[in-house]
Amino acid sequence: MEKKPEIDYAATMAAGFVAYSPETGALGSTDVSEVERVMNEFEAHESEEANFTRRYKEIAEKYKNPLVKFLLHLIISDEEKHYTVTHSIVSTLKGSLNWTRPEDAITGLYELTEEKNELLRLTEDFIQLEKEGIKEYKNLMKECNHYYRGLFTLLLKTMIDDSEKHIQILEFLRDRLEESY
């Protein structure tokens, strides 16, 4: 399979206000660029995340059951992270469209000097730690799968999912670090 060159599609489309089709590689004029359309979708999702979080908080306040509160607060924490991620994506896209660099925009890994090698080493260390953690969680799941009607299994499973996500993030970071100068 032919590897396509990595292109900053947001900057390319923002510069010319053109639509890009990754499937065909075609560029074409449009009233609303692909970046603007995607940014609008993320802005709508950002608003939905804020509403979800607000509703979960209302429910958590209403019910006094400790288990219900605990589980809802786990969800609230995730929803707050989702909002932060979505907000950063929107800021990054707006920055590309406006040729600005908002403070909360996600920028690349540039101008790394001595810290690049240290970051690469730390990234590899953390990947190993996350993998070891997953093994430990899986062992604990086997040991306590019948505790509290499966509650501990559920919680450990979510921790495994988080660790797998952390590995994906760290591998992405490692790959970008290796590509940087």
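Helices (H or I, at least four residues) and strands (E, at least two) are DSSP runs, numbered from the N terminus. Axes are lines fitted to C-alpha atoms, for helices over the stretch in contact, and angles run from 0 to 180 degrees between N-to-C directions.

A quick word on the model: it is predicted, so local features need pLDDT of at least 70 and side-chain atom pairs pLDDT 80 or more, while totals for chains, interfaces and linings use all residues. Residues are numbered from 1 along each chain as its sequence is written, and side-chain values use heavy atoms, with hydrogens and water left out.

**Exercise 1. Work out which elements the protein has and in what order they come.**

Step 1: count them, and you get five helices and two strands.
Step 2: walk along the sequence, and the pattern reads α-β-β-α-α-α-α.

**Exercise 2. Describe how α2 packs with α3.**

Step 1: find helix α2 at residues 34-62 and helix α3 at residues 66-98. Their axes are 8 Å apart, at an angle of about 160°.
Step 2: name the arrangement. α2 is roughly antiparallel to α3 (under 35 degrees is roughly parallel, over 145 roughly antiparallel, 65 to 115 roughly perpendicular and the rest oblique).
Step 3: sort the contact residues of α2 with α3 by class: 17 are nonpolar, six polar and 10 charged (Ala, Val, Leu, Ile, Met, Phe, Trp, Tyr, Cys and Pro are nonpolar, Asp, Glu, Lys and Arg charged, and the others, Gly among them, polar).

**Exercise 3. Do the packing of α4 with α5.**

Step 1: α4 covers residues 114-143 and α5 residues 151-179. The angle is about 160° and the axes lie 9 Å apart.
Step 2: α4 and α5 are therefore roughly antiparallel to each other.
Step 3: the contact of α4 with α5 has 15 nonpolar, four polar and 10 charged residues.

**Exercise 4. Classify the ring pair of Tyr148 and Phe152, then say how exposed each residue is.**

Step 1: there are two aromatic pairs in the structure (rings of Phe, Tyr and Trp, its six-membered ring, pair with centres within 6.5 Å; planes under 30 degrees apart are stacked, over 60 edge-to-face and the rest tilted).
Step 2: Tyr148 and Phe152 have ring centres 4.9 Å apart and planes at 40°, so this pair is tilted.
Step 3: zoom out, and ring pairs link Tyr147, Tyr148 and Phe152 into a cluster.
Step 4: Tyr148, at 61% relative accessibility, is exposed, and Phe152, at 32%, is partly exposed (buried is under 20% relative accessible area, exposed over 50%, partly exposed in between, with a 1.4 Å probe and protein chains only).
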